[in-house]
Amino acid sequence: MAETLSVSAPATSANQGPGFDALAIALDLSNTVRITRRPGPLEVVVVGEGEGELPLDADNLVCRALSTGLDDLDGLRIECRNRIPLGRGLGSSAAAACAGLVAANALGLRRWSPDDLLAHAERIEGHADNAAACLFGGVVAVAPGVSALQLGVPEGLAMVAVIPEARTSTDAARRALPDTVPFRTAADSVARGIALALALAQGRLDDLPPVLEDELHEPHRGPLCPGLDALRGMAGRDGCLGVTISGSGPTTLLWARAEDAAGVAAAAEDVLAAAGVSGRTRVCRPTPAGVRARWLGDEEHSLARAIG
């Protein structure tokens with residue numbers, strides 16, 4: 001009987017305004033990868049986001065991550081069921097990399113620790129923030145040296161992801177940043193980032209509006225995010241607590257209380273229409289669940305959590 005490993009990996013949003021390269025959050029939108037062992041060469045199938053676009057061979061990011069722990073991918077059928085939009089700042093590459101690594105850990109009997117998995121993910125991704133949130137779930141703070149601290153998930157917090165049709169790449173967003181910034185700008189960013197982390201960890205949603213503002217990276221990346229200027233005008237009204245760029249963009253996150261999220265989404269759609277920007281909205285909730293893996297069809301082999 002062929003055995004199938006199913007791995008679920010959540011979308012993530014990094015930076016959170018002033019938490020540049022340090023804060024990230026897992027969202028309740030996920031990709032699922034199903035890996036079946038059977039005779040024959042490697043087979044890769046992509047369904048949903050990236051269908052007809054992503055590689056259907058060993059160059060697929062899931063396969064590249066799998067190869068970290070497996071010497072040979074022949075004998076595997078890999079089905080990627082993707083719901084996370086590509087190139088929109090919602091951690092699609094981190095989800096693929098982390099799903100592949102967790103699968104390699106299980107299939108290759110590697111016994112990697114959570115920190116090992118994060119180190120592997122950082123080497124694949126080039127940065128650890130999205131990967132940490134994807135692996136561990138919830139809100140995470142990432143420090144130099146590839147270590148992550150979990151901050152928990154605030155009660156009652158929701159985010160409206162405003163996802164434009166346009167895409168951007170992390171490389172393009174990095175190139176938009178200056179080599180240096182004024183000392184005061186850096187100091188203010190650190191102060192807001194610390195305050196934001198504390199507000200999230202303690203669930204103090206009323207404290208969010210002033211600490212979501214950023215002067216370090218968002219002013220430089222704004223031109224890559226269609227509709228951002230118009231959406232920023234929503235901050236402080238219609239239930240919107242604040243506006244941040246998700247990761248490197250172009251998705252914008254509108255922060256709100258859960259009970260206000262639907263109204264914020266409707267208002268955002270009106271703003272996009274008035275600005276002539278094509279896009280969609282999705283209400284998201286922070287999720288405490290990181291990557292999860294389980295064997296299908298055999299309860300005795302169920303893995304509650306494959307990262308440790």
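User: Which helices each supply at least two residues of the lining of the largest pocket?

Analyst: In this predicted model, they are helix H2 (92–107), helix H4 (129–136) and helix H5 (170–175). H5 gives the most, with 3 residues.

User: What makes a residue part of the lining of a pocket?

Analyst: A lining residue has an atom within 4 Å of a pocket point. For the largest pocket, 24 residues line the space, so each of the 24 meets that cut-off. Closest to the centre are Gly 89, Ser 93, Ser 169, Thr 170 and Ser 248. The pocket holds about 390 Å³ of space.

User: How much space lies in the second largest pocket, and which residues are closest to its centre?

Analyst: About 280 Å³ of space lies there. Of its 17 lining residues, Leu 54, Leu 61, Leu 86, Ser 93 and Ala 96 are closest to the centre.

User: Which elements give two or more residues to the lining of the second largest pocket?

Analyst: Strand E2 (23–37), helix H1 (61–66), strand E4 (76–82) and H2 do. H2 has the largest share, 4 residues.

User: What classes make up the lining of the second largest pocket?

Analyst: There are 10 nonpolar, 5 polar and 2 charged residues.

How values were computed: Residues are numbered from 1 along each chain as its sequence is written. This is a predicted model: local features need pLDDT of at least 70, side-chain atom pairs count only at pLDDT 80 or more; totals for chains, interfaces and linings use all residues. Side-chain values use heavy atoms; hydrogens and water are left out. On a 1 Å grid over the protein atoms alone, a cavity is a set of points where a 1.4 Å probe fits but cannot get out, and a pocket is an open set with protein on both sides within 12 Å along at least five of seven lines; lining residues have an atom within 4 Å of a point. Grid points are joined across faces, edges and corners, and a volume is the space filled by probe spheres set on the points. Ala, Val, Leu, Ile, Met, Phe, Trp, Tyr, Cys and Pro count as nonpolar, Asp, Glu, Lys and Arg as charged, and the others, Gly among them, as polar.
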